[in-house]
Amino acid sequence: MAEYVDAFVTAYDRFWAPYPERMGEAWLRLHARVAPGSELSLLDVGCGTGIVAARFAAAGYRVVGVDVSEAMIARARERLAGTDAVLIAADAAEFEVPRTCAFAVSTYDVLNHVGDIDRVRSYLRCVHRAVAPGGWFGFDMSTTKGLLADVPPVARQDGTVSVEVARGPLDGDRRPLHVTGELRTDDGRTAPFTTTITNTAHPVADVLSALADAGWTTSHVAAIDDLLTPVPDPEALPRVAVLARRD
Ligand SMILES: C[S@@+](CC[C@H](N)C(=O)[O-])C[C@H]1O[C@@H](n2cnc3c(N)ncnc32)[C@H](O)[C@@H]1O
């Protein structure tokens, strides 16, 4: 899959890092609260450039990261160099890991990236197999409200990287995000890139039902800035976090 292409990786780290940085802190605090004394091991599915995984590694966790994009995984390898992290280029709906983990996370709408509900089911089953009994899984997802929202196109420039991001029209339950940009390399050349990232909207209730079918017990659905407190109406928010546990 070539959505997260080479030059885009640099743009991702430059412009999209604040959210995973924040979520890395939030997932860490959450895990300490729900599973005090747990083994310190993390599976990061759709780990991207490894921003969340690196935060956990710095806190002493043994990390396994999975991402379908070779370019993102390559950057994660650089970021996690010197740790014992295992980074695997694989599809979230079809992966195996060398060791189970006590906590799994997926951050920044990985679930929406995975595709239709059958693929989401496979993804949730794969994560279930990769988490040790008694372990936890936290992920965020854009809701239908979040994906329907009309966000104006954004253009950003920072030194050597520029990007333009525009949402395309909704196509059924799928919404494309068009990203174009340019990266100026050290030797003065420019590398243009263009990619389309497709997100699929899933009703939260469908995801919770797929979680249960995959063997998870949902703990609660929360707002992303307060992971411990259940929200009564998840569909009213643009993005939510889901916390689940396996027996
Ligand atoms: C918005 S990025 C988030 C990356 C990272 N979790 C973070 O928070 O910085 C979404 C990531 O999901 C990955 N991804 C998309 N579809 C995937 C799939 N089917 N299997 C595994 N990873 C996938 C992309 O390659 C990308 O790295």
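This is a predicted model: local features need pLDDT of at least 70, side-chain atom pairs count only at pLDDT 80 or more; totals for chains, interfaces and linings use all residues.
Started at the ligand: one of its nitrogen atoms has a backbone N or O atom of Thr107 2.9 Å away. I count a polar contact as a pair of N or O atoms within 3.5 Å; within protein, one must be able to donate a hydrogen and the other to accept it, and residues adjacent in sequence count only if both atoms are side-chain atoms.

Numbering runs from 1 along each chain as its sequence is written, and side-chain values use heavy atoms, with hydrogens and water left out.

I looked up two other contacts. Asp91 puts a polar side-chain atom 2.9 Å from a ligand nitrogen, and a polar backbone atom of Gly46 is 2.6 Å from a nitrogen of the ligand. How much of the ligand's accessible area does the protein cover? It covers 98% of the 590 Å² that the ligand has on its own (Shrake-Rupley method, 1.4 Å probe).

Next, the neighbours. I get 18 residues around the ligand, with Tyr12, Gly46, Asp67, Ala92 and Thr107 coming nearest; a residue qualifies if one of its heavy atoms lies within 4 Å. Sorted by class, that shell holds 10 nonpolar, 5 polar and 3 charged residues. For the classes, Ala, Val, Leu, Ile, Met, Phe, Trp, Tyr, Cys and Pro are nonpolar, Asp, Glu, Lys and Arg are charged, and the others, Gly among them, are polar.

**Strand 10**

Ser219 and His220 were my next stop. Ser219 is in strand 10, residues 216-223, and His220 is in strand 10 as well; strands are DSSP E runs of at least two residues, helices H or I runs of at least four. Are these residues buried or exposed? Ser219 is partly exposed because its relative accessible area is 39%, whereas His220 counts as buried because its value is 12%. My cut-offs: buried is under 20%, exposed over 50%, partly exposed in between (1.4 Å probe, protein chains only).

**Thr143**

Thr143 sits in the loop between strand 5 (131-142) and helix 7 (144-148). I call Thr143 buried because its relative accessible area is 0%. What does its side chain meet? A polar atom of the Thr143 side chain is 2.5 Å from the backbone oxygen of Leu237.
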